[in-house]
Amino acid sequence: LRLVHTLKGNCALFGVSSVAHVCHEVETEVADHGGAVRREDRQRVAQAWAGTAARVRAFLGEGRRAIEVDDGDFVAIVKAIDEGVPRVDIRRMVASWRLEPVKRRFERLADQARALMQRQGKGSLEVEIEANDVRLPRESLARLWSTMVHLVRNAVDHGVGSGRAGTLRFQSRLDGERIVLSVSDDGEGIDWAKVALAAQRKGLVAHTQAELEAALFFDGVSTREEATDLSGRGVGLSAVLAAVRELGGAVRVFSAPGQGTRFDLSLPVSVLEEGRAALDLTQQRDLNLRSAPSSIN
């Protein structure tokens, strides 16, 4: 169900309404009748996706693997060659091109957030990105990036906007041997009393702050009374947590009334393919990647 919900969210944001509609129907059936996603439901989703993929291939052809080099990287490598930088360092710089700039992923999430704000008729959205030139491997983090759409959707649905300008902030940084990806907003913050009631309906004990935070990531816990095409199923955050744990990481949430909400996704460098290359690259560029002080306690 987490995968269906994640697929629905991404397809809805990119305008693939046919697949999103099928996913929403499957979610509704599971909610109405209980149990798990049935085999025939998975086949419906797969067929909807296959049909869309076939139409896209008709226009764009078969996909191919390619490495994109932005202007900054190109200028840096030319300068390094002109200055006679040792071959081993140039090789390291070129090898880093196989890693994906986190900034690029954040920019896509920001575009999705703006589209959602416009769709809901909310106020303007300011986006701040502080990627710190962090790069990460594409393949091993693909599932994680797909689930991060839930953090954006939650921010738009529960946090920023509502007739006023809001700010959504993305940050990536290296903190010792950890890679931290953060998504924060300046909204009203999480209503922990509602979280406690939602957890109680699921039979969970949620009295302490730690228990409330754990309940927030439990399947089926949602502060929404009714599910919408954005949120309310209570599986989005659990999908994020599952993807992070699969990589050996952890998730923390920081939220207080009137001070917004921040989600920190902390990943160990050691479990990421070519993660050490990303660490070496950022250290080589002598960047200050220490965590900036947060206004959310």
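Me: At roughly what angle do the axes of helix α1 (residues 2-13) and α11 cross, and how close do they come?

Reply: An axis here is a line fitted to C-alpha atoms, for helices over the stretch in contact, and the angle runs from 0 to 180 degrees between N-to-C directions. In this case the axes of α1 and α11 come within 9 Å and cross at roughly 105°, and that makes α1 roughly perpendicular to α11 (under 35 degrees counts as roughly parallel, over 145 as roughly antiparallel, 65 to 115 as roughly perpendicular and the rest as oblique). R2, H5 and T6 of α1 make the contact with G236, S238, A239 and A242 of α11, where contact means heavy atoms within 4.5 Å. By class, these residues divide into 2 nonpolar, 4 polar and 1 charged (Ala, Val, Leu, Ile, Met, Phe, Trp, Tyr, Cys and Pro are nonpolar, Asp, Glu, Lys and Arg charged, and the others, Gly among them, polar).

Me: What kind of model is this, and how are its residues numbered?

Reply: This is a predicted model, in which local features need pLDDT of at least 70 and side-chain atom pairs count only at pLDDT 80 or more, while totals for chains, interfaces and linings use all residues. Residues are numbered from 1 along each chain as its sequence is written, and side-chain values use heavy atoms, with hydrogens and water left out.

Me: How many helices and strands does the chain have, and what share of its residues is buried?

Reply: The chain has 12 helices and 7 strands, each a DSSP run numbered from the N terminus (helices are H or I, at least four residues; strands are E, at least two). Of the 297 residues, 45% are buried, a term for under 20% relative accessible area, with exposed meaning over 50% and partly exposed in between (1.4 Å probe, protein chains only). Among contacts with a separation of 6 or more, 68% join residues 24 or more positions apart.

Me: Is helix α11 (residues 236-246) mostly covered or mostly open?

Reply: Helix α11 is mostly covered, with 9 of its 11 residues buried, including L237, V240, L241 and V244. After α11 comes G248, whose phi is positive, near 80°.

Me: Which residues other than glycine have a positive phi, and where do they lie?

Reply: Two examples are found in the loop between β2 (125-130) and β3 (135-136): N132 and D133. Phi is about 55° for N132 and near 60° for D133. D133 is partly exposed, with a relative accessible area of 30%.

Me: How do helix α2 (residues 17-33) and helix α3 (residues 39-60) pack?

Reply: Their axes lie 9 Å apart at an angle of about 175°, and α2 and α3 are therefore roughly antiparallel to each other. The contact involves S18, V19, V22, C23, E25, V26 and E29 of α2 with D41, R44, V45, A48, W49, T52 and R55 of α3; by class it holds 7 nonpolar, 2 polar and 5 charged residues.

Me: In what sense does helix α9 (residues 192-201) pass helix α10 (residues 209-216), and at what angle?

Reply: The axes of α9 and α10 come within 10 Å and cross at roughly 70°, and the two helices are therefore roughly perpendicular to each other.

Me: Which residues touch the most other members of the largest nonpolar core?

Reply: A nonpolar core is a set of buried Ala, Val, Leu, Ile, Met, Phe, Trp, Tyr and Cys residues joined through side-chain atoms within 4.5 Å. The largest core has 49 residues, and L181 and L265 touch the most other members; its largest share, 7 residues, comes from α6. A second, separate core of 11 residues includes V4, V19, V22 and V26. Not counting residues up to four places away in sequence, L181 touches residues including V102, F106, L136, W145 and L265.

Me: Are F106 and R104 buried or exposed?

Reply: Both count as buried, F106 at 0% relative accessibility and R104 at 18%. F106 is found in helix α6, and R104 lies in that helix too, at residues 102-119. Leaving out residues up to four places away in sequence, F106 touches I129, W145, M148, F170, Q171, S172 and L181, while R104 touches E68 and R138. F106 and A131, 25 residues apart in sequence, are 8.0 Å apart in space, C-alpha to C-alpha.
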